[in-house]
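Here are my notes on the ligand site and the salt bridges. Please read them with the structure open.

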Amino acid sequence: MLVEKNVALQPYNSFHIVAKAFSLVRVTDVTDIERVLASPELRSLPKFVLGGGSNIVLTGDVKPLVLKVEIMGKRLLSETARGYTIEVGAGENWHELVRWSLEQGYPGLENLALIPGTVGAAPVQNIGAYGLELQDRFASLDVVDLHTGARMTLDAAQCGFGYRDSVFKHSGGLGLKDRALITHVRFFLPKPWKAVLGYADLDRKLAASGMAQPDAQQIFDWVCAIRSAKLPDPQRLGNAGSFFKNPTVTPEQCADIIQREPRIVHYPLADGAVKLAAGWLIEACGWKGKAVGNAAVYERQALVLVNRGQATGGEVMTLARAIQTSVYERFGILLEPEPVVV
Ligand code: EPU
């Protein structure tokens with residue numbers, strides 16, 4: 001097992017923030033973790049699990065031992081009359097998995113096309129887009145407990161999925177943040193396949209196409225086109241996707257805001273609460289295109305913060321806090337960041 005020292009993390013975070021890991025171990029197999037936990041020097045060190053780095057803000061060099069997950073492999077585990085179960089290594093690229101699953105004839109992940117990051121990071125924030133969340137296609141996942149070395153398989157209930165949330169984002173109590181390293185994820189793709197439509201952007205594509213029954217590949221292509229038009233490609237412009245979660249408010253709060261701001265974008269949820277479009281709130285406060293140093297609000301989607309050059313994590317967080325303050329002062333709503341701040 002190789003412990004790499006002073007490793008540049010800029011290539012490993014989609015914001016392209018310059019920072020280094022004092023020590024880093026690449027995990028290609030469960031045995032790599034066993035070796036770390038058997039090592040007298042390494043086992044008691046605090047640890048930080050790094051996937052695709054697409055949902056983190058690095059605010060300095062990383063002192064905990066970085067475990068960079070590079071466990072590969074994609075395979076069909078079973079096919080029944082009800083659907084396909086596939087098993088994927090946590091280090092696989094998410095978008096490549098979506099593309100592969102369609103090629104193999106296992107549709108069901110197409111709405112989640114083009115989301116940056118790795119398969120192991122996907123359950124951490126329960127990725128979601130265009131009417132589908134990871135939890136809708138999730139079967140189970142395998143983890144190694146970095147405190148005890150125990151290997152466990154967790155089902156959806158044990159993962160505690162919520163909107164951009166799971167047990168892997170929380171410390172203390174039942175939280176597994178920096179404690180559980182996800183090694184494999186299993187997905188269940190139900191038969192017969194059914195298109196997930198109903199999201200405004202997708203429905204516009206459907207109406208424009210004149211198609212009655214788009215197939216999964218068609219939805220994949222539409223999702224890729226919508227995302228490419230709205231969201232910056234992290235290869236070209238560093239970013240971590242949506243920087244804030246869309247907040248939920250009570251119907252009373254929403255009615256109060258609508259009185260003052262009739263154009264506010266809002267969606268009623270099944271449980272009676274109302275979800276507000278954070279991008280709209282941020283744009284309404286005049287933030288589109290504004291910057292702090294090299295950290296800026298993306299011109300085409302105010303929910304996305306971008307790195308226009310050599311932005312530091314500090315600049316990103318200063319911009320984020322300024323946005324939070326102005327949205328709070330105008331709407332009385334505290335926006336919650338989506339990425340993990342390291
Ligand atoms: N809007 C504005 N101004 C903006 C941005 C958005 O007015 O600058 C309005 C749009 O016009 C639209 C509404 O807000 O009416 C929603 O915008 P959009 O469809 O772009 O979606 P979103 O709510 O901003 C969420 C997810 C995205 C996901 C899309 C599509 C969150 C935090 N973000 O964004 O997820 O791709 O829906 O499902 O839930 C991510 O989590 O990193 C991410 C990109």
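Which of the 25 residues around the ligand come nearest?

1. Tyr 130, Tyr 163, Tyr 199, Glu 283 and Ala 302 do. Bear in mind that this is a predicted model.

2. A side-chain N or O atom of Glu 283 is 2.6 Å from a ligand nitrogen. Tyr 199 places a polar side-chain atom 2.7 Å from a ligand oxygen. For Glu 338, a side-chain N or O atom is 2.9 Å from an oxygen of the ligand. The ligand alone exposes 820 Å², and the protein buries 83% of that.

3. The shell around the ligand has eleven nonpolar, six polar and eight charged residues. Domain 2 (74-190) and domain 3 (238-341) both contribute to the shell, so the ligand lies between them.

4. Glu 338 also forms a salt bridge with Arg 164, with the closest N and O atoms 3.1 Å apart. The two residues are 174 apart, Glu 338 in the loop between α8 (313-331) and β20 (340-341), Arg 164 in the loop between α3 (156-159) and β12 (180-190). Both are buried.

5. Lys 245 and Glu 336 form a salt bridge at 3.3 Å, N to O. The pair ties together parts 91 residues apart in sequence, because Lys 245 lies in the loop between β13 and β14 (248-249) and Glu 336 in the loop between α8 and β20. Lys 245 is buried at 11% relative accessible area, while Glu 336 is partly exposed at 45%.

6. The structure holds 21 salt bridges. Glu 4, Arg 26, Lys 68 and Glu 70 are linked in a network of them.

Terms used
Residues numbered from 1 in each chain as written. Predicted model: local features only at pLDDT ≥ 70, side-chain atom pairs only at ≥ 80, totals over all residues. Heavy atoms only, no water. Near = heavy atom within 4 Å. Polar contact = N/O pair within 3.5 Å; in protein donor to acceptor, adjacent residues only side chain to side chain. Areas by Shrake-Rupley, 256 points an atom, 1.4 Å probe, with all protein chains shown as cover. Nonpolar A, V, L, I, M, F, W, Y, C, P; charged D, E, K, R; others polar. Domains from an automatic or database assignment. Salt bridge = Lys/Arg side-chain N within 4 Å of Asp/Glu carboxyl O. Helix = DSSP H or I, 4+ residues; strand = E, 2+ residues; numbered from the N terminus. Buried < 20%, exposed > 50% of the residue type's maximum accessible area, 1.4 Å probe, protein only.
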